[in-house]
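Work through the exercises below with the sequence and the structure at hand, and try each task before reading its solution.

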Amino acid sequence: MSYLRPYQQECKRSVLDSLQQDRSTLVVMPTGTGKTETMLATIESAMNVDPSMQVLGLAHRQELVYQPWERWQKKNGDIPNMEMGDLRKSNLSGSHRLTFASKDSLHPERLKVAFPDPKRVGLIWADEAHRLVKKSPSWWHIIKYFMEGNPDCKLIGTTATPDRADEEA
């Protein structure tokens, strides 16, 4: 039985359908409508389709890394990896296919240690994706590493503010 609301289920289906044809897609959902839950369900479906694929959930703030990490753990009962500042959490086998990370933690040197083979990551979820628009180097070196290193890698961006009045995006 699905825990998603009907509009979240439709969003998940739409994202998965879009990624069959395109390398990237943007999900725009208002604040409080369940972007995180929708993306976790989408990631779970994608991982079920490709059991060897690794997934990277990327955010710019600590709470946006912890939130999906904790929710995944509650929902699925397993502990995904985390890369954030001095904090590195991984399951005991070190083989979990899902990692949540802060974009500032994955500086070029750490990125290559945490993910030595970019071909293994098949999906990136970028939360607050409106921040990618100005191609901030702290985001784009990560996206470029995986998208150029794996021609099959897909990117899902989520945001509530795709066109901000402050023009910061």
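The model is predicted, so local features need pLDDT of at least 70 and side-chain atom pairs count only at pLDDT 80 or more, while totals for chains, interfaces and linings use all residues. Residues are numbered from 1 along each chain as its sequence is written, and side-chain values use heavy atoms, with hydrogens and water left out.

**Exercise 1.** Classify the ring pair of Tyr66 and Trp69, and describe the place of both residues.

Rings of Phe, Tyr and Trp (its six-membered ring) pair if their centres lie within 6.5 Å, and planes under 30 degrees apart count as stacked, over 60 as edge-to-face and the rest as tilted. By this rule there are three aromatic pairs. For Tyr66 and Trp69 the centres are 6.2 Å apart and the planes stand at 80 degrees, so this pair is edge-to-face. Both residues belong to helix H3 (residues 62–76), where being three residues apart separates them by about one helical turn; helices (H or I, at least four residues) and strands (E, at least two) are DSSP runs, numbered from the N terminus. To judge exposure, take buried as under 20% relative accessible area, exposed as over 50% and partly exposed as in between (1.4 Å probe, protein chains only). Tyr66, at 21%, is partly exposed, whereas Trp69, at 8%, is buried.

**Exercise 2.** Which parts of the chain does the pair of Phe115 and Phe146 link?

The rings of Phe115 and Phe146 are edge-to-face, with 5.3 Å from centre to centre and 85 degrees between the planes. Phe115 lies in the loop between helix H4 (108–114) and strand S6 (121–127), and Phe146 lies in helix H5, 31 residues apart, so that the pair links distant parts of the chain. Phe115 is buried at 4% relative accessibility, and Phe146 is buried at 0%. Ring pairs also join Tyr145 with Phe115 and Phe146 in a cluster.

**Exercise 3.** Which residues touch the most other members of the largest nonpolar core?

A nonpolar core is a set of buried Ala, Val, Leu, Ile, Met, Phe, Trp, Tyr and Cys residues joined through side-chain atoms within 4.5 Å. Among the 24 residues of the largest one, the answer is Ile43, Phe100 and Leu123. Helix H2 (35–49) is one of the elements that give two or more residues, and H2 gives the most, with five.

**Exercise 4.** Is Lys144 buried, partly exposed or exposed?

Lys144 sits in helix H5 (residues 137–149), and a relative accessible area of 48% makes Lys144 partly exposed.
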